[in-house]
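The sequence and the structure come first.

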Amino acid sequence: MAARQTQLQKIADTCWSKAQKISAELFTLTYGAIVWQMIKDNENLDDVNSQLEKMGYNMGLRLIDEFLSRSGLGRCRDFKETADVVAKVAFKMFLGSNVTVKDSTEKEFTLVLEDNPLTDFCELPEQYKKTLHYCNILCGVIRGALEMVQLRVECQLVKCILRGDEATEIKVVFKELLKDEIPTGDD
């Protein structure tokens, strides 16, 4: 298991070093501006949370192709390995974040982000701390990417630094293994 962890870390470091990067400040501030505009356009924070998750889902549908081609990784053997690959490789590859996995089973796991670039330079006003899921886009990205590799999951933001928690935590629960289906007309 330790050898696999080392291998995943090497893949993540290689992908991160080769990736084109943008300014972390620009990324963080742009995301904050998008969230703020969504709040201004729609005062219902449940709708904002849903929109953030849907944005992330659509991104995940596309990011998985880049992830698979750049990492060279194949299909994971089980859900625990999926947790390790998402934490050790995907988050490092796309956000430069070191993420740990806790409470990993065959049906669920929790990702712990000690350093979440989405929350840099950000502070939530008191009225938003209980209901706004500022990092919900990450839940959508995970859900969309895993769905493209035939894993239907539910993702939930359970803790967030912006709410006063020590770290951002995302719980991922396995729902079902999807069947590979050939679209109608594609034989």
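Thr100 stands opposite Val112 of strand E2. The model in which this pair is found is a predicted one. Strands E1 and E2 pair in the antiparallel sense, over four bridges. They form a hairpin with five residues between the strands, and in this hairpin Asp103 takes a positive phi near 55 degrees.

Glu106 also has its place in the loop between E1 and E2. Is Glu106 buried, partly exposed or exposed? Its relative accessibility is 43%, so Glu106 counts as partly exposed. Not counting residues up to four places away in sequence, Glu106 touches Asp78, Phe79 and Lys80. The C-alpha atom of Glu106 is separated by 9.3 Å from that of Val173, although the two residues are 67 residues apart along the chain.

**The sheet**

E1 and E2 belong to an open sheet of four strands, in the order E1-E2-E4-E3, with antiparallel pairing. Its edge strands are E1 (99–102) and E3 (151–159), each of which pairs on one side only. On average, neighbouring strands of this sheet are turned by 25 degrees against each other, direction ignored. In a regular strand, side chains alternate between the two faces of the sheet.

E3 is joined to strand E4 (residues 168–177) by eight bridges, and these two strands run antiparallel. Within this pairing, Gln156 has Lys171 of E4 as its bridge partner.

**Helices on the sheet**

Which strands does helix H4 lie across? H4 lies across E1, E2 (108–113), E3 and E4, and runs at about 20 degrees to E2. Helix H5 packs on the sheet as well, where it touches E2, E3 and E4. The direction of H5 makes about 165 degrees with that of E3.

**Helix against helix**

H5 (residues 136–148) also meets two helices, H4 (residues 79–95) and H3 (residues 45–71). The table lists how the axes of each pair are placed.

| Helix pair | Axes come within | Crossing angle |
|---|---|---|
| H4 and H5 | 13 Å | roughly 120 degrees |
| H3 and H5 | 6 Å | roughly 40 degrees |

Why is H4 called oblique to H5? Their axes cross at roughly 120 degrees, and that angle makes H4 oblique to H5. H4 passes H5 in a right-handed crossing. On the H4 side, the contact is made by Thr82, Val86, Phe91 and Leu95; on the H5 side, by Leu138, Ile142 and Leu146. By class, the residues of this contact divide into six nonpolar, one polar and no charged.

For H3 and H5, the axes cross at roughly 40 degrees, which makes H3 oblique to H5. The crossing of H3 and H5 is right-handed. How many residues of each class does the contact of H3 with H5 have? There are twelve nonpolar, six polar and three charged residues in the contact of H3 with H5.

Taken together, H5 touches E2, E3 and E4 of the sheet, is crossed by H4 at roughly 120 degrees and is crossed by H3 at roughly 40 degrees.

Notes:
Residues numbered from 1 in each chain as written. Predicted model: local features only at pLDDT ≥ 70, side-chain atom pairs only at ≥ 80, totals over all residues. Heavy atoms only, no water. Axes fitted to C-alpha atoms, helices over the stretch in contact; angles between N-to-C directions. Parallel < 35°, antiparallel > 145°, perpendicular 65-115°, else oblique. Left-handed = near helix turned anticlockwise from the far one by under 90°. Contact = heavy atoms within 4.5 Å. Nonpolar A, V, L, I, M, F, W, Y, C, P; charged D, E, K, R; others polar. Pairing = 2+ DSSP bridges. Buried < 20%, exposed > 50% of the residue type's maximum accessible area, 1.4 Å probe, protein only.
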